[in-house]
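Dear colleague,

Please find the structure below, handed over for your review.

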Amino acid sequence: MFKRFTNACVKLVERYLPDPFLFAIVLTMVVFAASAIFTGNTVMDVLAAWGNFSSGIWNLLKFSMQTSMIVVFGSALAKTPAFTKLINKVASYAKDNVSAIILTTVVSAIFSWLNYGLGLIVGALLGKAIAKRLRGVDYRVLIAAAYSGFVIWHQGLSGSIPLTISTGFDVAGKTIQADITSTLFHPMNLIIVVVCVLVLCVVNVAMHPDAEHTISVDPSLLEDEKVVEYEINTPADKMEHSKILWALTCLLGWAYIIYYFASYAASGKGILNGLGRDSVNLVLLFAGILLHGDLRRYVDVIKDSVSSVAGVILQYPFYAGIMAIMVVTDAQGLSLAVLISNFFVSVSNQITFPLLSFLSAGIVNFLVPSGGGQWTVQAPIVMTAAEQLGVPTNLAAMAIALGDQWTNMIQPFWALPALAVAGLKAKDIMGYMVVVTIATGIVFAVGMLGWAMLF
């Protein structure tokens, strides 16, 4: 019965889910109309918010570039002989379909917990490496498993909401604060993470189709990168392949990387606190330069990798516009995001508030797929209501964090980097991600109720 349900989800998505770009367009139209209908905003108000150069369509330019760099630099690193050897060593532990899916899921979850950027890229790279070695494993399910580990990122060390409130955050004129020992390292949060990963392993293994319906990796993906041999004849050639310039470049980059993380250690914050989009990209960049051993070779590899981020470049401006529409307020201070949050808050009590806040955050996240952006939208509503109901600050904040990460599983916005690495389309994995969303949603919902009742 489970496989029948999974197959039904897969067929439904394959038939009706358009290209992610068209999905973003349709979502834009729906949210645009909803804002004009359900709030006091006029059509021109909504249009002005959508196209605003600073807070609308171009608001995610920096984020788009950071995400693109994670994919490009990660792909370039994966094409080095040393990294290929390492990833293949890990992949060698996958002896059959079951161990392949479990290994991919667990590794992806571990790296997502450490840093969401690493989780997105490492899981997909490992899944791809396993598919090259293990014939008979369904490539779609393998990459779906790689992406599924991302569902716990906001409960980990790069979780933007718990990190934001750990040092104090102003909400409606009041400073709220909750140390990471009461959020990220709270016993209930850790229990939810462990249970979620175990459930993911079981669900991902169960979703693997039988041999008749298995779709293996495209043969072209099974080919290892060939090392290009260059002819060095002219002074320009010699400069491009200069070991001195390569060594100085590596020295410059790694000297700063060591200095950067050492400064975190010296301040007592811990090295892992220094992991972020920029620092991860810097490590990926100079690790690639170092392991390729040649500046010209690295340039050529980057050129080959850039085409994989076309989806990110094209779609993220529209998601920035959607986010702007969601938060544009009318004369009474109402926006679509506020209306959604207010509804769930209004039907809550002290026990159900975390659960309903989690559900509202899941809905808002589908339209505002950014942890920081979602916190800005929902914090004034949820945290103020939590204080009135007597719900602990740490629990209310983590309810938003879990909702934010939960619906990422069916939001193409975050799947694009992993899909770019794997060479798949959204519809190839989204049917499986529907099942993952349902399964993890149950875990998170029970976890929120348990946290509210036990702590």
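In this message, buried means under 20% relative accessible area, exposed means over 50%, and partly exposed lies in between, computed with a 1.4 Å probe on protein chains only. The model is predicted, so local features need pLDDT of at least 70 and side-chain atom pairs count only at pLDDT 80 or more, while totals for chains, interfaces and linings use all residues. Residues are numbered from 1 along each chain as its sequence is written, and side-chain values use heavy atoms, with hydrogens and water left out.

Salt bridges

The structure holds four salt bridges, the term denoting a side-chain nitrogen of Lys or Arg within 4 Å of a carboxyl oxygen of Asp or Glu. As background, side chains of opposite charge can pair when their charged atoms come close.

One of these bridges joins the side chains of Arg140 and Asp138, with an N to O distance of 2.8 Å. Asp138 counts as buried because its relative accessibility is 0%. Arg140 likewise counts as buried, at 9% relative accessibility.

Another bridge links the side chains of Glu240 and Arg296, again with 2.8 Å from N to O. Glu240 belongs to helix 11 (residues 235-240) and Arg296 to helix 14 (residues 295-306), so this pair ties together parts that are 56 residues apart in sequence. Helices here are DSSP runs of H or I with at least four residues, numbered from the N terminus. Both partners are partly exposed: Glu240 has a relative accessible area of 30%, and Arg296 has one of 28%.

Arg296 also forms a salt bridge with Asp300, the closest N and O atoms being 3.2 Å apart. Because Asp300 and Arg296 are four residues apart in helix 14, about one helical turn separates them. Asp300 is buried, with a relative accessible area of 18%. Elsewhere, salt bridges that share partners join Glu14, Asp138 and Arg140 into one network.

A buried serine

Where is Ser357 placed? Ser357 is in helix 17, which covers residues 353-367. Ser357 counts as buried because its relative accessibility is 2%. Leaving aside residues up to four places away in sequence, Ser357 touches Val382 and Ala399, where contact means heavy atoms within 4.5 Å.

With kind regards

Technical notes: Helices (H or I, at least four residues) and strands (E, at least two) are DSSP runs, numbered from the N terminus.
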